[in-house]
Amino acid sequence: MQRRHLVAVLAAAGLPAWAADGKKLVLGFSQIGAESAWRTANSASIKQAAKDAGIELKFADAQQKQENQIKALRAFIAQKVDVIALSPVVETGWGTVLREAKAAGIPVILTDRLVKEADESLWASFMGSDFVEEGRRAGRWLVDRLKGGKGDVRIVELQGTVGAAPALDRKKGFEEAIKAEPRLNIVRSQTADFSRAKGKEVMEAFIKAEAGKKIHVLYAHNDDMALGAIQAIEEAGLKPGTDILVVSIDGVKAAFQAMVAGKLNVTVECSPLLGPSLMQAVKDLKAGKPLPRRLITEEGVFPAEVAARELPNRKY
Ligand code: AHR
């Protein structure tokens with residue numbers, strides 16, 4: 001059958017023209033690294049979904065470095081991939097390389113984190129979470145939990161990677177929500193780069209610096225940092241979850257296990273399972289279908305009280 005006819009047959013069946021060429025779509029994906037259980041689950045979701053969708057995936061792990069992500073994007077452009085997906089480690093500094101992709105006619109989909117660029121035509125779509133809302137949810141849970149109490153509440157905060165959208169937004173959302181209860185104050189706040197080891201290290205430093213003063217709450221921008229901090233709290237002879245309330249974000253299995261053990265009080269969900277939506281978007285793009293500018297994941301809040309019931313349902 002001639003290509004022209006095949007394209008018409010495919011169109012009648014609702015299939016795109018590129019399917020007539022018998023070539024696989026090629027997606028170049030620039031991943032941040034493997035800093036957390038969330039990230040590991042996100043990479044696995046993308047790899048599995050590409051396989052399921054029959055899309056050839058070129059996967060580049062940037063090991064937390066923006067310069068490696070920029071190099072990967074340039075390599076994808078040189079290889080003339082069909083679509084580029086980027087999960088940007090930080091918000092700024094992407095303009096030049098995104099303009100290079102646009103000039104080469106390669107559409108870019110942002111996944112997980114957004115970039116801060118005035119020209120929003122540099123990407124076709126964003127899919128991921130509303131990080132400000134996640135911060136608000138964590139803050140609202142805390143306000144609710146401490147409602148009706150008296151006296152200052154001293155909070156220490158473990159921030160994510162400096163300059164990363166979830167670190168900036170989760171801080172903003174949390175601060176906004178705790179304003180409802182003026183006795184809640186963040187007394188120390190430092191980055192621990194979304195990693196468990198750094199979460200432990202920074203929490204040790206907080207405990208040392210706050211010696212003689214009470215820390216009432218730990219707010220961690222992700223579960224991994226909270227889990228590292230829990231270890232530091234225990235090693236200091238304190239009870240996480242009781243002596244210090246622990247509030248975090250992601251909802252990974254280990255966080256649910258920590259809640260069942262009474263060491264973590266709440267986790268705000270942030271889903272890493274973006275693979276299937278990404279593959280669908282890649283196909284839609286190539287089929288000329290319009291993509292939503294923002295596809296925001298629906299997520300919940302899981303306090304310790306529901307952890308045992310929810311643990312068997314967790315997928316990451
Ligand atoms: O961008 C999502 C965040 O990045 C997750 O909360 C965190 O665990 C990860 O490293």
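**Notes on the predicted model**

1. Let's start with the aromatic rings. Searching the whole structure turns up 3 aromatic pairs. Take phenylalanine 174 and tyrosine 219: their ring centres are 3.8 Å apart and the planes sit at 15 degrees, so this pair is stacked. The pair links distant parts of the chain, since phenylalanine 174 belongs to helix 6 (residues 165-178) and tyrosine 219 to strand 8 (residues 217-220), 45 residues apart. Both phenylalanine 174 and tyrosine 219 are buried. Please keep in mind that this is a predicted model.

2. How many residues does the largest nonpolar core have? It has 54, and the ones with the most contacts inside it are Leu142, Ile155, Leu158 and Met203. Helix 8 (residues 223-235) gives the most to this core, with 7 residues. There is also a second, separate core of 24 residues, with Ile32, Ala60, Leu73 and Val90 among them.

3. Now have a look at strand 9 (residues 245-250). Is strand 9 enclosed or open? Of its 6 residues, 6 are buried, so strand 9 is largely enclosed by the rest of the structure. As a rule, side chains in a regular strand alternate between the two faces of the sheet. In strand 9 both faces are covered: Leu245, Val247 and Ile249 are buried on one side, and Val246, Ser248 and Asp250 on the other. Strand 9 pairs with strand 8 in the parallel sense, over 3 bridges. If you want to find one of the partners, leucine 218 has valine 246 of strand 9 as its bridge partner.

4. On to charges. Side chains of opposite charge can pair when their charged atoms come close. A search of the whole structure finds 24 salt bridges. One of them joins lysine 171 to glutamate 157, with the closest N and O atoms 2.6 Å apart. Here too the pair links distant parts of the chain: lysine 171 is in helix 6 and glutamate 157 in strand 6 (residues 153-159), 14 residues apart.

5. Glutamate 204 has a relative accessible area of 35%, so glutamate 204 is partly exposed. Elsewhere, salt bridges that share partners tie Glu133, Arg136, Arg137, Arg140 and Glu176 into one network.

6. Most residues other than glycine have a negative phi. Phi of aspartate 193, however, is near 55 degrees, a positive value in a residue other than glycine. Aspartate 193 is found in the loop between strand 7 (184-191) and helix 7. Its side chain meets that of lysine 198 in a salt bridge (3.1 Å, N to O). Lysine 198 counts as partly exposed because its relative accessibility is 36%.

7. Which other aspartate has a positive phi? Aspartate 112 does, with phi near 70 degrees. Aspartate 112 lies in strand 4 (residues 108-112). With 4% relative accessibility, aspartate 112 counts as buried, because the cut-off for buried is under 20%.

8. Lysine 47 lies over the face of phenylalanine 59, at 4.3 Å from the ring centre. Arginine 314 lies over the face of phenylalanine 302, at 4.9 Å from the ring centre.

9. Aspartate 284, in helix 10 (residues 275-286), has 16% relative accessibility and so counts as buried. Leaving out neighbours within four places in sequence, aspartate 284 is in contact with Lys289 and Leu291. Aspartate 144, in helix 5 (residues 131-146), is partly exposed, with a relative accessible area of 47%.

Notes. Residues are numbered from 1 along each chain as its sequence is written. This is a predicted model: local features need pLDDT of at least 70, side-chain atom pairs count only at pLDDT 80 or more; totals for chains, interfaces and linings use all residues. Side-chain values use heavy atoms; hydrogens and water are left out. Helices (H or I, at least four residues) and strands (E, at least two) are DSSP runs, numbered from the N terminus. Buried means under 20% relative accessible area, exposed over 50%, partly exposed in between (1.4 Å probe, protein chains only). Contact means heavy atoms within 4.5 Å. Rings of Phe, Tyr and Trp (its six-membered ring) pair if their centres lie within 6.5 Å; planes under 30 degrees apart count as stacked, over 60 as edge-to-face and the rest as tilted. A charge sits over a ring if NZ of Lys or CZ of Arg is within 6 Å of the ring centre and within 35 degrees of the ring normal. A nonpolar core is a set of buried Ala, Val, Leu, Ile, Met, Phe, Trp, Tyr and Cys residues joined through side-chain atoms within 4.5 Å. A salt bridge is a side-chain nitrogen of Lys or Arg within 4 Å of a carboxyl oxygen of Asp or Glu. Two strands pair if DSSP finds at least two bridges between them.
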